[in-house]
Amino acid sequence: KRRIGILTSGGDCPGLNATIRGAAKACYSMFGEDNVEIVGISNGFHGLIHNNCRIMKPEDFSGILTQGGTILGTKRTPYKMMQVIEADNIDKVAEMKATYKQQKLDCILTLGGNGTHKTANLLSEEGLNIIGLPKTIDNDIWGTDVTFGFHTAVDIATEVVDRIHTTATSHRRIMVIEIMGNKAGWLTLYSGIAGGADIILIPEIPYDIDKVIDACEKRAQSGKTFSIIAVAEGAMDITEAAMKKKERAKKRAEAGETTVTNRIAKQIEAATGFESRTVVPGHILRGGSPSAYDRVLATKFGARAAMLIKQEKYGYTVAKIGSKISENKLSDVTMKTKFVPENDELVITGKSIGVSFGD
Ligand code: F6P
C-alpha cells in the first residue's frame, strides 16, 4: 500500500480542505481505495516532529469542499527554528525524518505558504519525497500566478471596502482600511481596485504621506466628501522604507501609532481636519468557505499533486502558470517572494483611472 502523508502549515486560509479533498479523492481513484492509505499529520510540521499522525478514511474527505480552515489543524513552525536544536532541545529535522520512516510514508504533501515551502525544500534535500501545494491569501509564492485562498480573500476584502463606502459617504469621512499582507500587497491591490478605493498603499510602493493628504484634499475640492484608503498591513512611508521591520514598529509604538492605518488616519486628520476612522477586518479575511474560483483551483491543484505522486515526481510544488496547472522545483521557489512589481498591470490600470498609490 502506498502511504501518503498530508499536512497543512502556516496561517490557515479558505481552500485548504478543498485541496486536501482533491488530492485524496484523486489518489483513491488513481490507485484504488485498497492500495492507498492517507496519513493525516496534525498541526503542520509540529505534528511531523512529534509523530502526531492518524490514518484517514475516504469518508473523512467527504463534505469538506466548502469548509474553511483545515481539518488537519495548522501551526506556524518557523523555518529558521527548524535547524536550531538549542531552543527546545529537539533535533526537529531528525524527528521529522524519524516520523516519516516510522509511519512508512512514501511521500508527504505539504500545503502552505513561503515558510512551509522553505521547510518542504529542506526535507526534500534531506531525502524525503515531498510535494508542495501553494496556499496563501497573500498570493506571494514565487512561480505561480495564483495561490489558493487568495481570490476568496479578495472577495471578502472587496465586500469590506464596499460596505465601508456607505458609511464613509454618510459621515463624509476618510476611512482607512487595513488589509492583510505583511510583505506583499496583492490582496490590497486587487480588493482596492475591485472595491473602488481612492487610494491604495502597498509595501512595494512606499508612500509619501503628503501625496496621500493631497489626494484626499483634491477629492474634497472636487466635491467628494469622503475618501477610502486601502492599506496593506505592511505598507510603509518613504521615511520608513529603509528601516528594518522591528525598527519601524518601535518608531510607530513610540509615536503611539500601533498600526500603519492608525498612523495614516492620525496624520490625515491632523493635516486636513477631515474626520478619519480605521477599519481592521484582520482574520475575517482568512475565514469561512472558499469561493467557487478557489474550490476549482484547489481541486485542480490537489488532483495535480496526485498525478505527481503517480509519476513519482518529488521535490516539486504545484503551480498555475497562465491557464495551465504545472509545477516548479521546490528549490526554485524557496527563498523568494513574489512581490507586486511597480509596473504591474493593475497598478498601471489603477493609476490610469486616478487611483493614488501615494507615490
Ligand atoms: O500569511 C498570511 C497572513 O494572513 C498575512 O497576510 C498576515 O500578515 C499573517 O498571515 C498573520 O498571521 P497570524 O495569523 O499568525 O497572525
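Here is a walk through this model, from its sheet to its core and on to the ligand.

The model is predicted, so to speak of local features takes pLDDT of at least 70, and side-chain atom pairs count only at pLDDT 80 or more, while totals for chains, interfaces and linings use all residues. Residues are numbered from 1 along each chain as its sequence is written.

Let's start with the sheet. Seven strands make up an open sheet with mixed pairing, in the order S3-S2-S1-S4-S5-S10-S11. Strands here are DSSP runs of E with at least two residues, helices are runs of H or I with at least four, and both are numbered from the N terminus. Two strands pair if DSSP finds at least two bridges between them. At the edges sit S3 (53–56) and S11 (324–329), each pairing on one side only. Inside the sheet, S5 (residues 130–134) runs parallel to S10 (residues 316–321), and the two share two bridges. Gly132 stands opposite Thr317 in S10.

Now for the core. The largest nonpolar core holds 99 residues, and those touching the most other members are Ile6, Ile177, Leu187, Leu201, Ile229, Val231 and Ala305. Such a core is a set of buried Ala, Val, Leu, Ile, Met, Phe, Trp, Tyr and Cys residues joined through C-beta atoms within 7 Å. "Buried" means 20 or more other C-beta atoms within 10 Å of a residue's own, "exposed" means 12 or fewer, and partly exposed lies in between, with C-beta atoms placed from the backbone. Helix H6 (residues 150–171) gives the most to this core, nine residues.

Leu187 also belongs to helix H7, where it is buried along with residues including Trp186, Tyr190 and Ile193. Nine of the 10 residues of H7 (residues 186–195) are buried, so the helix is largely enclosed by the rest of the structure. The cover over those buried residues includes H6, strands S6 (174–179), S7 (199–201) and S8 (227–232), and helix H13 (345–352). Just past H7, Gly196 takes a positive phi of about 75°. Helix H9 (residues 245–254) is hardly covered: the count of buried residues among its 10 is zero.

Finally, the ligand. Around it are Gly11, Arg76, Gly113, Thr136, Ile137, Asp138, Met180, Gly181, Asn182, Glu233 and Arg286, where a residue is near if its C-beta atom, placed from the backbone, lies within 6 Å. Leaving aside neighbours within four places in sequence, the contacts of Leu187 (C-beta atoms, placed from the backbone, within 7 Å) include Ile137, Asp138, Met180 and Gly181.

Definitions and conventions:
Two residues are in contact if their C-beta atoms, placed from the backbone, lie within 7 Å.
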